[in-house]
Amino acid sequence: MTIQKTLQISTLLLISTLSFSQTLTKEMALEDLNEFKNLLEKQSSYYQVSKIDFENYYNEIERKVNQKDSIPIHFLAFELEKVISNIIDRHANIRMENFEEDDYELYNLYFPFALSSLDDKIVALKFNKSTKEYEYYLQKYPFIKNVNKIDINAFLESYAYRRKLSPKKAKQTDGLKDLRDIGEIYFKQGKTTLKEVEIILTNGTTHKRLVLPLSDRRNWYFDIGSTSLNRNYSKFERDKNFDLNKLDKLLTDSIAYIAIPSMVNYEEKPNLESYLQSTIEKYRNSKALIIDIRGNGGGTREILKTLSGYFVKPEQSPWIANVAYVRSDQFLEEDMSSMQSRFLYNYNSESLTNEDRKAIDKFNKEFKTEFDVDMSKFSKPYYMVLQSNQNHINCPIYILVNEDCFSAASVFTSALKGLDNVKIVGVTTNGSSGRSKKFYLKNSNIRVKLSTMLSFQRNGKTLDGHGTTPNIILERDEEQMLRKKDSQLEKLIELIKN
């Protein structure tokens, strides 16, 4: 073998080792920690408004790092995740590009049964494959009291910390998704082995102690009210030939219904815009129109832009739907493309009319953000302005939402709340709207995702941390939780009929 060939092989081996190494030196870990600090200070929008002493977290990470000879990348990632959890930014997260989950048995073990909630209590469930419904894991003891000798709510507060600043219902629902992945929870706390879990079930009076092995498969909970989990719509995003006509139907008493499982863009679904337009025309004389976006995880604002033209009445047009500020150390043009795609424009943009600016002036007389925006760190405001089109409809609009409405679905809800003929119905949305960007730490290649935009609702509150509260609260009841019927939808229909 030639010397040149030997050198080539050695170089490839070195690159391979560097690329897939799962540990860092102490110095490399501290260097990445400092890079992470700078990212939060210079890129993150919601870091600036967090009421946490982050220095304590940084000092604790440094202390732990200095106690080790080599630093597992996953250890550093999990520590940074704890920091991120103290920011209301719902898009923020930490990911490891080369982390091999299958190398760690505990990471792939799960809670032994399905989990949901009912009236703020955590419920133990099992899925009946023949009926396609859920049943209580133990009929006599439906609720979870303790997990490994820790009160269930305290357990979620301590270990399901990634979502701790979400709106209340979203925090609980997302926390149960973390509890489902209990092996991952304990792995992040430094455990390497765990085979079983002790659970106390209760009916409120008497209790039942169980010691169960962890499951090697996820026990999912599927809410019957979620449009994204509905079998009729499950291929909406993936199937280019999906029959859009499955999304709408005429219910009892001339009440029309449209499900929107995802805020997909029109490039992905070229026929979607014309479908929505023709469907609105088809149902314009209905007694009412229900737009069901429960479980909608977001996407783009194109659907909002299309439907708002029908929902905004001429006397309320132009309608200021959203106000946003971008970190000013971002590259700014008059209308940066990422803001344009969100239909957000600054006051002097050519995309806004004089009528739009008059509406903004009138809106700003009453509009006040929940905290002062530091104009040394953020741009001037960008506005999303919605207009009525010539074919606006007069029938009442009911937008059915839940705590799984995220990102663009949250924006959709917030933007339309307050219109004369629109009512938001269901449960407070998850919130979030941040113009997120991805960054990679130099040594570990840990991916840090951060929002770079402050996004305010018409009431001056951020979407992140608050979500949008419905005009009419409709919680999930026991029958819906058990997948026996869609009670939220049925109750809304009765409300409209009466």
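This is a predicted model: local features need pLDDT of at least 70, side-chain atom pairs count only at pLDDT 80 or more; totals for chains, interfaces and linings use all residues.

User: What makes a space a pocket, and what volume does the second largest pocket have?

Analyst: On a 1 Å grid over the protein atoms alone, a pocket is an open set of points where a 1.4 Å probe fits, with protein on both sides within 12 Å along at least five of seven lines; lining residues have an atom within 4 Å of a point. The volume is the space filled by probe spheres set on the points, which are joined across faces, edges and corners. For the second largest pocket that gives about 450 Å³. It has 20 lining residues, and the closest to its centre include Asp120 and Lys168. Helix H6 (168–180) supplies the largest share of the lining, five residues.

User: What makes a stretch a helix or a strand?

Analyst: Both are DSSP runs, numbered from the N terminus: helices are H or I with at least four residues, strands are E with at least two.

User: How do you know which residues of helix H12 (408–416) are buried?

Analyst: Buried means under 20% relative accessible area, exposed over 50%, and partly exposed in between (1.4 Å probe, protein chains only). In H12, nine of nine residues are buried, among them Phe412 and Leu416.

User: Why do the buried residues of H11 line one face?

Analyst: In H11 (354–364), the buried ones are Asp356, Arg357, Ala359, Ile360 and Phe363. Seen down the axis, they fall within an arc of 160 degrees, so they line one face of the helix. That arc is taken from the directions from the helix axis to the C-beta atoms. The face turned away carries exposed Asn354, Lys358 and Lys362.

User: What makes S15 and S21 edge strands?

Analyst: Two strands pair if DSSP finds at least two bridges between them. S14 and S21 have four bridges, in the antiparallel sense. The open sheet runs S15-S16-S14-S21, and S15 (345–346) and S21 (453–456) each pair on one side only.

Definitions and conventions: Residues are numbered from 1 along each chain as its sequence is written. Side-chain values use heavy atoms; hydrogens and water are left out.
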